[in-house]
Amino acid sequence: MFHFEATLLAHLFFGLSLLVILPLLRRRDLVLHLLLLLSLGILFYASSLATLFIGWEMMGWSSYFILASSARVATLQRYILFNLGGAFALLGAIALLYGFMGSLEYRDIDASLLPPWAMNAIALLLFVAVFVKSGIIGLHDWVVDSYSEATPLFSAILSAILSKAGIYLFIVMFMVLLKEGATEPLLFEIMAWLGVITSIVATFKAISQDEMRRLLAYSSIAQIGYIITILALMQGFALEAALYHTLIHTLIKLLLFMNIASIIAITQKERFSELGGMIYHAPVLFLLLVIGIIALAGMPLLGGFNSKFLIYTALLEEKRALLLGAVMFSSASAFLYCYKLVYGIYLGQRPQEASLHVSPKSYYLPQLLSAALLVLLALLPSLPVGYLSVIGVELGFAPLDDSNLFILQSAFGSFHGGALMGAFGVAFVALLGLLQLAHSKAKKVKDPLDISYCGEVPRSETNLHFGYGMGYELHRISFIAPLLRHHSRVLWDRLSLIASDFSALLSSLYSLSAQHVTLLALLLFTLLLLGGQ
Amino acid sequence: MIPFLIIATLLSLLAAAVMAIYSRDPAHSVLSYMGFGLGSTVLYLLFSAPDVALTEAVIGAGVGALVFVVALLQTQNKEQP
Amino acid sequence: MNLKRTLALSHLLTGLLVSVMIIALLGTLRLLTPPIDTIGETLLHINAQSTQVANAVTSVVTYFRGLDTLGEVSILFLSIFGVALHMQHSTRNLFGAHDTLLQIGAQVLFPLIVLFGVYIITHGHLSPGGGFQGGVIIASAFVLRFLAYGDHYEPSARLLTLSESLSGAGLVLLGVLGLLLGDRIFAQILSLGTMGTLLSGGVIELVYLFVGLKVAAEMTLLSQHFIKARDV
Amino acid sequence: MFDAFGSSALLHQAITLLCFIIFGVALFGVLVKKNLFNIFLAFSIAEAALFLFFIGNHYAAQLQAPILFEGLSRFDPAVMVDPLPQAMILTTIVIGIAVLALALTFVIRYYKLTGHMRIDEMDELGEDR
Amino acid sequence: MSLLYFVLLPLLALFLMPLYRKHLHIISVMLNLTLLTLALTCTHTLPMVERVAVDLPFAITFVLERASWLLLTLFTLIMSLVSLYHLRYGNDKALFVASTMLGVGVSGLILSHDLFNIYIFFEISSISAYLLTALNQDVKAYGGAIRYMIVGAFASLFLLLGIMLIYLSIGVLDIGAIAERFGLIEPRLQFLILLSLFIGFGIKAELFGLNFWVADIYQASRSSVGSLFSALLSKSYLFVLFHLTYLLHVSPSQLFFLGLIGALTFVAAEFSAFKSHESKRIFAFSTLGQIGIITLALSYADAMLSAAALMLILTHAVAKTALFLALDLLERHFHSSHSTIFARFHAPFLMGIIALAGLSLLGIPPFAGFVAKLSILTGLASLEAYGAVALILLISLIEAAYLFRLLTGFRQGTGKERLYVAWSHKLLLGFMVLLLLGFGLMPEPLLQLCQAAAASMLGGNHVPL
């Protein structure tokens, strides 16, 4: 008898949802947002597959209707089709399970009864559902489009919360319900590699974006790629690393998207090429963003490092050097887009004609909240570990050591959060001071037009800051450029084109004259009469 | 004798049907249709179904033909203005 | 020319299809063997006891399968209603003839035809014929007057609809009465006469009477609407 | 020469054959004629062919109409035609005429609205209309 | 309580029309509500068998068992809702006559157990459908009605052929008696009879190969009429078709063929809707799609799947009625039913209704449509028909694509007109959506009803004579 009605895992995911959605509630579309929250509650606290599916689908359509107020029709089509595609895959898996179990209650499911082919088929279908929701490369088009076309606040919800549903589904299905099933290990191997490939490709795509929210969308995809990779190891330690990263990523994305929402509210601009120099106008936002990107990059100063640390050690523990290398490569490349984010918006030259508005004060609250939590987690890295361990134990894995809140333990060593932060903070301040000293003598440029090189005199509308155009050169690198092309979009577009051609053909059948309709009926009659004898 | 009559009537019904359906002149069609109705009345009589014969005569051939004639007249008004 | 050829080809193919179908159909129908007994024969057996009606077809139509007849009457009603609805009629008669001879003939024939129709209806249980046939015959008397008098003769549409509706309602009520007093629709709630006499049918005669009245009104309406249809 | 038809089975075969030829001719008309008027006429004839087939297959030389009169005082299936098919056909004829009248009403109205009644020129329905 | 009242009362109301010709809309509501009450009072006396004419075996019988009761209740419910909807629009004689007769026709179709009687009701419902199609009295309406009549005449020819052949070879018309004697017929002839009946009912039940007329007819008629067609007409023919199929013990290969036809209906309809921009055509295609799924599910002759199919019939009927009635409101306002009108108005309540009913139609939780779809999928899975599961799931995506495209109109576009929706209409539409939501959240009672109905439909509903 297994009861899963109100586990800590569900509490964790639902708590994160509350953390994100409550500060963002607005009068506009309030009902739909509450429905979304309700659907998340249903999803996380379900005790039968049918209820789980109800939550999953409600989440899909309520977010769709919120999105529909701002997104283009093509984006909406993509959003709902991908989401429903995933949902129907889930439904297929549920139907298949029902065929063997005769019940949809969690407690009646016994995966050890499944024949291997059925288990693998179910696993594949569930993979589709999880991958679509997480935006694994090839299935990611809808993520980027919808994040960039949603209202700025809703992008935060989409990225911080809804993208985690796939992870929850994976944990519930594979680590709880189907743990006993004889899934082919190769599938998880493929999944691990898909995750890491996703993170690499998405990272490079993020670097080459010109739109702020598209960049963050790709960054989300990349981060979730890590989580997918680590989950595919199917180990207790990996599970906790994944949950930790989920927690951190939620906080980071809430912070960053809200930061960008503020910027959009102030400037009404979405692109790096139209922005710059915002530090003079909004220094507080700049500081918050810096906290966010330090955490995002996984540098050892803020909470982002903790989860990266766990991920690396988990991979090490499983002796997956190749995966580790790939994750590290992608993680290191992430610095580039972090840089673009901070430089492109806040530093550099300020566009001339910019007319600025005031950012709503309420946008600061979620940012401050998550920034504070990120700092706290940096100081006390083991704070959530106890909680996560309990979850791990609940799901049947060994607990982590959390005896000292300041120290994050792992099989390959540990670090002291407070000390590390202190050390890095001192080093950072020292470095900054040195730089300040070195630059104090530098000549200040009065007018950006003073710069000239190669005989070119830039005109006043020429944007000179470094964020602009950064990442374009990636297109010229022979082994990266193919990654940046829209292969999957071409594929899906072609598929929809085929469907619509087929549709045109069939619908012409439905505009036949009555005579032809009777002729066809007669033909059917005759053929059957001759064939059926 | 009656079988012979039945076959003969059926054959003439076939001719009437062809005339009624494939004639280019609607007037011929309607006339042949009436002929078809009368022929089938005869046939029903031969089949010892006087009730059906009477019905066919007044309703099938009678009302049917009336309806066709009137429809014909109603739709011929504009055809040659 | 090309179009013509396509047309000819499509006709040829259609003809081929139809003939193949008919041949296949006939090939199967060859196997048709008459059944050992049919319900029609059973009905024929019990007809003498249960209805006292000389014309077995009538007893089947009105008594054994009275529900079919009710359905048929309502179909007729529906169809005539549709015709009346979609053919707003004008006063202009399609046959605008004013032939005095025809008018005199119509005057003479009118009562005779009506009488004949009434005869057919009332003797439906004794001889061939019945409500439908008689009704149409009565209607034909009105149509004759139409043709003869052209624009100057028009039976009151209201009266026609009223008599149509009321006779229909009478038929249904007869059925309901059968349900309430007897045990089934169109149950014999009247006493039966002896076989072969005019008043031998009981309810059957009433059914045919209502049907006849209804059909007469309906057919008159139908022809009136068709003949006087207005141009749009 | 026609004595062979004395056996009712053969006669039934012949009736079936001819009725279905009429049926086929009418069906062909339904499928190829372009004038709505002719199409409904063809339907009416196809229906009539079916009726004839049905009634004809219940006929046999020794059978009388199912009506009592002077010479006949007892309902007996051995000498009378089955009354049920006749009742059925009687009903169906009336239904057929009712449908026909309605159909022709629609055709007339259609003609008065559009000025034609050719089935291959009916294009008022379909996408983007 | 006689089953004949379901036929006689509407007929009486029709024939007495001259007495109250100014209040037909009120009479219509009263009549339909009475019939609904009558249907509900029959719950405890099921199954009911009534011999209509004579006491000998093989007379006309009316039978109300669990399955036909479910459908009868549904039909009277839908008729009541539609007549309540029209209450605001005052007296409409043509609508009253045609819709009441349609009610008579479909009730008779599912009640009657006599094949020739079924033919009569078949014609009654067909003719009322022709009249309903032509209700608007414009070119489109007449064009549609003429098309419909040609196809319908063709269908009734074949149905008649089938009935005649049955009578010619076994001499009975009651379908129970036919089932008893059907084995006596020569197999090839058996096949021909089944085929003729299939063509006759299949055309009207809108199955693939025979349904290319459907979109035009829905487009030609009013939206509110579309709800009657979609919820009542096609479902009743489908019921009769499968009733006969189960009773006559058709061979597994023939059942498989029906399932194939169902699948084809589903696929072809959903794909055709994908490119359509006329909302009535889109809804027509979606109806066809659902009919395809229902046919597919029924063709397995399995208790659980049949229950699911009945459930789908119920939920689809309610959802489609809500959608069509909402569309009718729009059509009356914009005088168009092109899908662009969905982006041209602002009326939150109406938009909510359309969206929620659309979700139920798609089988998306938490609406009743989902329960039906889930039971169909689980039923198919437990029969190991995984191909069918995959097909339904894949093609449902296409359905989602076009339905959601329609719904996006609500949140897009500028310069929207405010649309006034009367309170009575809000109540009515809200009731339907609540019904869907309620049965989506608490499906158990309805599922039990459907299971009982499926059992009686499959398990030799052969009522003892």
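This is a predicted model: local features need pLDDT of at least 70, side-chain atom pairs count only at pLDDT 80 or more; totals for chains, interfaces and linings use all residues.
Let's begin at E:Glu50, which stands opposite E:Phe62 in strand E2 of chain E. Strand E1 of chain E covers residues 48-51, and E1(E) pairs with E2(E) in the antiparallel sense over 4 bridges. Strand E2(E) itself spans residues 61-64. If you follow its side chains, E:Thr61 and E:Val63 point one way, while E:Phe62 and E:Leu64 point the other way. Which of these residues are buried? All of them are, on either face of the strand.

Staying in chain E, move along to two helices, H13(E) at residues 303-334 and H17(E) at residues 423-441. Their axes come within 9 Å and cross at roughly 155°. An angle over 145 degrees counts as roughly antiparallel, so H13(E) is roughly antiparallel to H17(E). The crossing of H13(E) past H17(E) is left-handed. On the H13(E) side, the residues that meet H17(E) are E:Thr315, E:Val318, E:Ala319, E:Thr321, E:Ala322, E:Leu325, E:Ala326 and E:Leu329. Their partners in H17(E) are E:His425, E:Leu429, E:Met432, E:Val433, E:Leu435 and E:Leu436. By class, this helix contact holds 11 nonpolar and 3 polar residues, with no charged ones.

Now step out from chain E to its neighbours, starting with chain A. Here the contact takes 45 residues from chain A and 45 residues from chain E. On the chain A side, the elements that give two or more residues are helices H3 (49-67), H4 (73-101), H19 (487-509) and H20 (514-531). Of that side, H4(A) provides the largest share, with 14 residues. What classes do the residues of the chain A side divide into? There are 32 nonpolar, 12 polar and 1 charged.

Chain C touches chain E too, with 38 residues of chain C in contact with 40 residues of chain E. On the chain C side, at least two residues each come from helices H2 (39-50), H3 (56-64), H4 (66-86) and H7 (157-181). Which helix gives the largest share of this side? That is H4(C), with 13 residues. The side of chain C that touches chain E has 18 nonpolar, 15 polar and 5 charged residues.

Technical notes
Residues are numbered from 1 along each chain as its sequence is written. Chains are lettered from A and ligands numbered from 1 in the order in which they are written. Axes are lines fitted to C-alpha atoms, for helices over the stretch in contact, and angles run from 0 to 180 degrees between N-to-C directions. Angles under 35 degrees count as roughly parallel, over 145 as roughly antiparallel, 65 to 115 as roughly perpendicular and the rest as oblique. A crossing is left-handed if the near helix is turned anticlockwise from the far one by less than a right angle, and right-handed if clockwise. Two residues are in contact if their C-beta atoms, placed from the backbone, lie within 7 Å. Ala, Val, Leu, Ile, Met, Phe, Trp, Tyr, Cys and Pro count as nonpolar, Asp, Glu, Lys and Arg as charged, and the others, Gly among them, as polar. A residue is buried if 20 or more other C-beta atoms lie within 10 Å of its own, exposed if 12 or fewer, and partly exposed in between; C-beta atoms are placed from the backbone. Two strands pair if DSSP finds at least two bridges between them.
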